Amino acid sequence: MTGTPPPPHSARFQRTLTTPKIVFIIIAAAAPLAAMVFTVPLAFALGTGPGVPAMFLFAGLTLLCFCAGYAAIARRISHMGGFYTHIAHGLGRRVAAGAGLLAVLAYNAATVGVLGAFAYFTQNVAAAQGLDLPWQAWAAGGLLLVGMLGYREADLSARLLSLCMVCEITILIALDIAILARHGTAALPAASFAPHQVLAPGLGVSVMFGFASFLGFESAALYGEEAKAPQRSVPRATVIAVLVVASFYALTSWAAVGALGPGRVRAQAAGHLGDLFFRLSDSYLGHPATLTMQVLLCTSLFASWLALHNAANRYMYALGRDGLLPRSLNATHTGHGSVHRASVIQTLFSTVTVTLFAAAGLDPYVNMSTSMLGLGTLGIILLQAAASVAVIGYFRHRREGRWQTVIAPALGALGLTTAAILVISNFDVLTGTTQPLVTALPWLLLLVTGLGIALASWLRTARPDRYAHLGGASTPPPPPTAPLQDPSGSLSQAAP
């Protein structure tokens, strides 16, 4: 087996992350409770209504195809650069530089987006219980806590994320069980998978929300240098996370269709949106459980924020190590073994962004969260699609199973490209606004990617030594060949 070790000048990280811990980090980034509370009602109302559960299965199957190729390349390359490194090996250093800067922008934007949602909904939940503080105070408190956790080793964050994830999934499973207990088999109506419902008007919107709900599942690759056995744990954790999230999303949304009724689900969702699952909880579990769900919604958003913060840090560290970002980001804490400097920069970026939105008097959710999450979601989907193509490129000259290295990645790339096109064409739906400044945000992704490619092209000419190490894709020069003496006594040069 071959692999890509970290550069010799890089720090040695504490390899403390096991497969379960990486699974918790991945699922926490997807924020299952937040996805159900916010995304599913929108998909019901604007998408295919009762056919939404099938879209989660479609997204899950597409991402499993992606995972097949991802697992094949992750077994050979374990590097904190994540997709940036995989793309360097499969599509070349210049494309990888563009993808690396795209990843930095996308993950930082997604982090700010979840921050806004956390501050907004925590303010509402706390105010309902008598603790009425401005959203800026909750944002500041969250920034302080996320910054402290990001400054420490990843293992500490993994333990906290596992607790948050278990709690939020438990409350939703309890709701599923209560619905099944009251309605029996009628709680899982066959209409959700009937062709006329699955292919109903709004299909594109449903597919878009389906893929958006898996945000962050691919972040396992970023922990390759902190995992105990990265060649096994990283691909295994990714597959487990996709299976768990896809099954959970499909089941919970399916049970919600059964509780509301296939014929009424679209109207009910349109009338209640963010309150839909809280109303279901009141009806099937009681008001105390609903209060618990509201609190867990805040912890779910916080967990997603922390997971995305850590992902952004690692991309910034990897690009700083390769000179695509300031090399000062290539630093690890001597005591914690963490990418502490990148964490501080990410926290400062989030703080400045929040301050600008607050100073402009903009809403943390309607303005900041939706626009930044829309930008981050699109960027990450594009990154996933490029990584799928990179798998095909990496294995094109290697004798490997065609399913894992060609067919599955091609299907994954096709599905992800379709999802990206749907996000772009429905960007106003995803962000909830038609303001030109927001709808033009996808162009920023193209601009940043182009800057990365241009920078790598310049490095190739002006700094070839730095260019050779981009993405860990450099290969050592062949050893000098020794002269061989043939039987006749003359010297001949050994074949390269």
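**Labels and their cut-offs**

Analyst: Apart from neighbours within four places in sequence, A72 is in contact with F395 and Q404, where contact means heavy atoms within 4.5 Å. This is a predicted model: local features need pLDDT of at least 70, side-chain atom pairs count only at pLDDT 80 or more, and totals for chains, interfaces and linings use all residues. Residues are numbered from 1 along each chain as its sequence is written, and side-chain values use heavy atoms, with hydrogens and water left out.

User: Why is A72 called buried?

Analyst: Buried means under 20% relative accessible area, exposed over 50%, partly exposed in between (1.4 Å probe, protein chains only). A72 comes in at 3%, so it counts as buried.

User: And why does L348 count as partly exposed?

Analyst: L348 has 48% relative accessibility, so it gets the partly exposed label.

User: What makes up the nonpolar surface patch of about 310 Å²?

Analyst: Y151, V344, I345 and L348 make it. Patch residues have over 30% relative accessible area and no salt bridge, and nonpolar side chains (Val, Leu, Ile, Met, Phe, Trp, Tyr) are joined within 5 Å. A salt bridge would be a side-chain nitrogen of Lys or Arg within 4 Å of a carboxyl oxygen of Asp or Glu. Helix 14 (residues 340-359) gives the most, with 3 residues; helices are DSSP runs of H or I, at least four residues, numbered from the N terminus.

How values were computed:
Patches are made of residues with over 30% relative accessible area and no salt bridge: like charges are joined within 9 Å, nonpolar side chains (Val, Leu, Ile, Met, Phe, Trp, Tyr) within 5 Å. Accessible areas come from the Shrake-Rupley method with a 1.4 Å probe; for residues, only the protein chains shown count as cover. Helices (H or I, at least four residues) and strands (E, at least two) are DSSP runs, numbered from the N terminus.
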